[in-house]
Amino acid sequence: MSIEARKISKYFGTQKALDALSFTIKQGEVVGFLGPNGAGKSTLMKILTCFIPPSSGEASVCGYDVMEQSLAVKKKIGYLPENNPLYLEMYVREYLSFIGKLHHVPGSLDKKVSDIIELTGLGPEQHKKIGSLSKGYRQRTGLAQVLLHDPEVLILDEPTSGLDPNQLVGIRSLIREVGKAKTVMLSTHIMQEVEAICDRVIIIDKGKLVADDQTAHLAGLSSGKQVVTVEFSETIEAALFDRLPTLQKVEKSSATIWKLTTSETADLRPVLFQFAVDHQLTVLSLQKETQSLEDVFQKLTQKN
């Protein structure tokens, strides 16, 4: 496993930030790490990157214990914190060369810096001072910094915070590209970003794990209900739907459009087609509603 957390708890005085949190992330996964403000996301990232110790439990990165083998862990990780710390008076290429020397990057450092500049799209800005860069290019510089020593694991805390839509597209594309060869743990509040980038989602709330599933499957975690909107060419009465015993709720949207809710997991649409045939009705449209990741997130974190 690239990342493994086993019953991690963290207290700040009497305040419990993490509560027996356990999960694993395999090599090559891109995982979205979500939770409301104060859920404990940054605390866990700081534990995994050896900035603070856990109060109890164990964690490892690439097989190295974060408490006993912190130096080995740091060599395996590229960490981009939410507030991207950069030396604003240094030039981009100068800064990356400086970081490379700190990491004792093997081989030709100049070539390595050039390769990272090309990968992160910093070419046009490489001879500018970091302080003169836009927010998007500063984020690219931060990503270049964490990639420079070729870590196996990337831990990114709000990497696209404050970016405009065009900058978002560029940074997302970059994360997807580097995620093909590395393990990525990505914390963000932007649900569309998770849906676009991540294979899997972990959600925590009040320091506890509340969901862990593939991004495409997560919508099924928060609700067993199924909602279908059907439009007939004919006008019918609500009482006709009494012949469908699995329905929990019937709502009339217009004279011919109905919104039907059922607790059954089986797809309701074939049943409705047969219902229409049996009652000599013509179906004009039939649509099954799906939950967005944002809907799921709200339901899982607001009920506690």
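Predicted model: local features only at pLDDT ≥ 70, side-chain atom pairs only at ≥ 80, totals over all residues.
A nonpolar core is a set of buried Ala, Val, Leu, Ile, Met, Phe, Trp, Tyr and Cys residues joined through side-chain atoms within 4.5 Å.

**Entry 1: the cores**

I looked up the largest nonpolar core and got 44 residues, with Leu34, Leu156 and Ile203 touching the most other members. Which helix gives the most to this core? I found that helix 6, residues 165-178, does, with 5 residues. Apart from that core I found another one, of 27 residues, including Ile8, Ala39, Ala59 and Met185.

Then I picked out leucine 156. I skipped its neighbours within four places in sequence and listed what else is in contact with leucine 156: Met45, Leu80, Leu143, Ile175, Val184, Met185, Leu186 and Ser187.

**Entry 2: helix 1 and what follows**

Met45 turned up again when I went through helix 1, where the buried residues are Lys41, Thr43, Leu44, Met45, Ile47 and Leu48. That makes 6 of the 8 residues in helix 1 (residues 41-48), so this helix is largely enclosed by the rest of the structure.

Cysteine 50 follows helix 1 and has a positive phi, near 70 degrees. Its relative accessibility is 15%, and I count a residue as buried under 20%, so cysteine 50 is buried.

**Entry 3: cysteines**

How many disulfides does the structure hold? I got 0. For cysteine 50, the nearest cysteine sulfur belongs to cysteine 62 and is 11 Å away.

Most residues other than glycine have a negative phi, which is why I went looking for exceptions. Lysine 7 is not a glycine, yet its phi is positive, about 50 degrees. I placed lysine 7 in strand 1 (residues 3-12), and at 60% relative accessibility it is exposed.

Glutamine 280 is another non-glycine with a positive phi, about 55 degrees. I found glutamine 280 in the loop between helix 8 (269-278) and strand 14 (283-288). Is glutamine 280 buried or exposed? It's exposed, at 71%.

I traced an open sheet of 4 strands in the order 2-1-4-5, with antiparallel pairing. Strand 2 (15-25) and strand 5 (64-65) stand at the edges with a single partner strand each, so one side of each has no neighbour in the sheet. Strand 4 (residues 56-61) pairs with strand 5 over 2 bridges, and I saw valine 61 opposite tyrosine 64.

**Entry 4: salt bridges**

My search of the whole structure gave 15 salt bridges. I wrote down a few.

- Lysine 111 and aspartate 115 have their closest N and O atoms 2.9 Å apart. They sit 4 residues apart in helix 4 (residues 109-119), which means about one helical turn between them.
- Lysine 128 and glutamate 125 also come to 2.9 Å. Here lysine 128 is partly exposed at 37%, but glutamate 125 is buried at 11%.
- Glutamate 177 and lysine 180 have their closest N and O atoms 3.2 Å apart. Glutamate 177 is partly exposed at 41%, while lysine 180 is exposed at 65%.
- Glu4, Arg6 and Glu58 are linked in a network of salt bridges.

Technical notes: Residues numbered from 1 in each chain as written. Heavy atoms only, no water. Buried < 20%, exposed > 50% of the residue type's maximum accessible area, 1.4 Å probe, protein only. Contact = heavy atoms within 4.5 Å. Disulfide = S-S within 2.5 Å. Pairing = 2+ DSSP bridges. Salt bridge = Lys/Arg side-chain N within 4 Å of Asp/Glu carboxyl O.
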